[in-house]
Structures are given as structure tokens and as C-alpha cells.
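Welcome! Please take a moment to look over the sequence and the model shown here, and then let us walk through some of the details together.

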Amino acid sequence: MKNYRNILLDVDGTLLDFAASERLGIARVLKHYGFTAEEELLQRYHQINAAAWAAFERGEVTKEHLVNQRFEDYFGQLGCQVDGEEAEELYRNFLDQSAILIDGAVELCRYLKDKGYGLYVVTNGTSTTQYKRLALSGLDIYMNDIFVSEDAKSQKPRKEYFDYCFARIPDADPKTMILLGDSLTSDIRGGLMAGTDTCWYNPAGLAGREVIRPDYMIRHLEEFKKIV
């Protein structure tokens, strides 16, 4: 077991159930524009949104373009023209009020804090939304600091994002850090590029670690205690 000092924690899909919040938020937006939140429509948005965030992670689009254009693209496929900024505001207002915890998240953060680790949030997203959701969930009280891509003006997995984080962590040494996250392309690749150890939270038991190789893989948050 390595002697870690600081733990970097992803939010969406790791500590908070973003998929559940997303479904509720999109259902609300669909209803506003006169659509029924059928499963096929929810899945179609999820696919468009995932592709948009992947492009953002690769540095191909700005966050502002992403959050507005995705709704114009989505409703365009449904034969409905909407104002992307208006749809984004509707969605964001709901998301700001939604903080659905993943099982074991609070217990893990409390355990790590009691053990004396420095806990730092590393998340892509909109700053006001992430701060509000972490506060609503009660997770913010365990964190030494919260680093959101919007504030950093860069995003996981880019090196510039982690440079921003490390500049704000006292006596930062990537060799004494481990990053826990659910995304191979964002969290694990980012940690590997930044020089930290990585742990892939993979509750569904997905394949992929043969291409991007995390140091550890867990299916339940409780298992992380055995690593640190």
C-alpha cells in the first residue's frame, strides 16, 4: 500500500449520480417544450450530450458552445426549433437543485477525512452548478478545495487543468496522490498524464482497462478503503 497524502475525487458518476439527475432534468425540459419524456427521447439526449462532452474533453469545442448547442441539436432532431440558451437555463435551474448521492459516497468521504487525507474535487462542468450540488449533497464539508473546469479554463484530461489544480494544493506532489473517477477517458487518462495513481470506479464492470490502464479498479466505493 502506497503512502498517499492527497486524494482527487471526481463528482459526476463517482460521488453523485449524475445520470439520475440528468434524466429528471431532461424530462422537465421536454415537458416544457410539449414532449413526453419517453425512454427513447431520454436516451437520445444522453447520446448527444455524451458526444458533446467528449468533444469538450478533446478541446474541440468550448463549454459555452457545448451547453447551448446541444439543446439546439437535440430538439432539431425532434423537429422543434428552440433557443439553446433558454433550454440550457431551464435545464441548469433544475440541475442546480439536484444532488443524488451514489451509495457510500458520504461514508467514504467521511472515512478519508478522518484518516487525515487531503480531499480535492476535480470535475468538469459549470462552476455554480457543481458548487451548489456539492453543498446540497453535504459533500463539500469534507473537501479541502473544489476545482471545476470552468474556473480552470481547461478540463480533464488536459495537463493544463491539472497544473491549475496542483498550483492550489499545498506541497503538491503527484506521486503522493491518487485520483478516483468513473471515466477512463477523462479521469483515468487525466490522472495518468498528470503523474498520479488512478482508481477506476467501474460499478457496471465495463471493459476498457486494457487500453487505458488504471492502477486499480473497484466496483463499490467501499472497496477504495482497502487501497488507501
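The paragraphs below visit a few places in this structure, one after another. Please keep in mind that this is a predicted model.

Let us begin with the helix α4, which spans residues 84-95. Are they buried or exposed? E85 has a relative accessible area of 55% and is therefore exposed, since the cut-off for exposed is over 50%. F94 has a relative accessibility of 13%, so F94 counts as buried, the limit for buried being under 20%.

What does F94 touch, leaving aside residues up to four places away in sequence? Its contacts are S21, L24, G25 and R28. Take R28 as an example: F94 and R28 are 66 residues apart in sequence, yet their C-alpha atoms are 8.1 Å apart in space.

Together with E72, D73, D83, E86 and E89, E85 forms a negative surface patch. Helices α3 (63-77) and α4 each supply at least two residues of this patch, and α4 gives the most, with 3 residues.

S154 has a relative accessibility of 6%, so S154 counts as buried. Not counting residues up to four places away in sequence, S154 touches S149, E160 and Y161. K153 is found in this loop as well, but K153 counts as exposed because its relative accessibility is 76%. The backbone of K153 deserves a look too: its phi is near 60°, a positive value in a residue other than glycine. P157 is another residue of the loop between α7 and α8, and a cis peptide bond, with omega about 10°, joins K156 and P157.

Which residues of α8 are buried? They are Y161, F162, Y164, C165 and F166. These buried residues pack against the strands β1 (6-9), β2 (118-123), β3 (145-148) and β4 (177-181), and also against the helices α7 and α9 (184-194). Y161 is also one of the residues that S154 touches.

Our last stop is D171, in the loop between α8 and β4. Phi of D171 is near 50°, again a positive value in a residue other than glycine. With a relative accessible area of 69%, D171 is exposed.

Conventions
Residues are numbered from 1 along each chain as its sequence is written. This is a predicted model: local features need pLDDT of at least 70, side-chain atom pairs count only at pLDDT 80 or more; totals for chains, interfaces and linings use all residues. Side-chain values use heavy atoms; hydrogens and water are left out. Buried means under 20% relative accessible area, exposed over 50%, partly exposed in between (1.4 Å probe, protein chains only). Contact means heavy atoms within 4.5 Å. Patches are made of residues with over 30% relative accessible area and no salt bridge: like charges are joined within 9 Å, nonpolar side chains (Val, Leu, Ile, Met, Phe, Trp, Tyr) within 5 Å. Accessible areas come from the Shrake-Rupley method with a 1.4 Å probe; for residues, only the protein chains shown count as cover. A salt bridge is a side-chain nitrogen of Lys or Arg within 4 Å of a carboxyl oxygen of Asp or Glu. Lys and Arg count as positive and Asp and Glu as negative; His and the chain ends are not counted. The place of a charge is taken as NZ of Lys, CZ of Arg, CG of Asp or CD of Glu. Helices (H or I, at least four residues) and strands (E, at least two) are DSSP runs, numbered from the N terminus.
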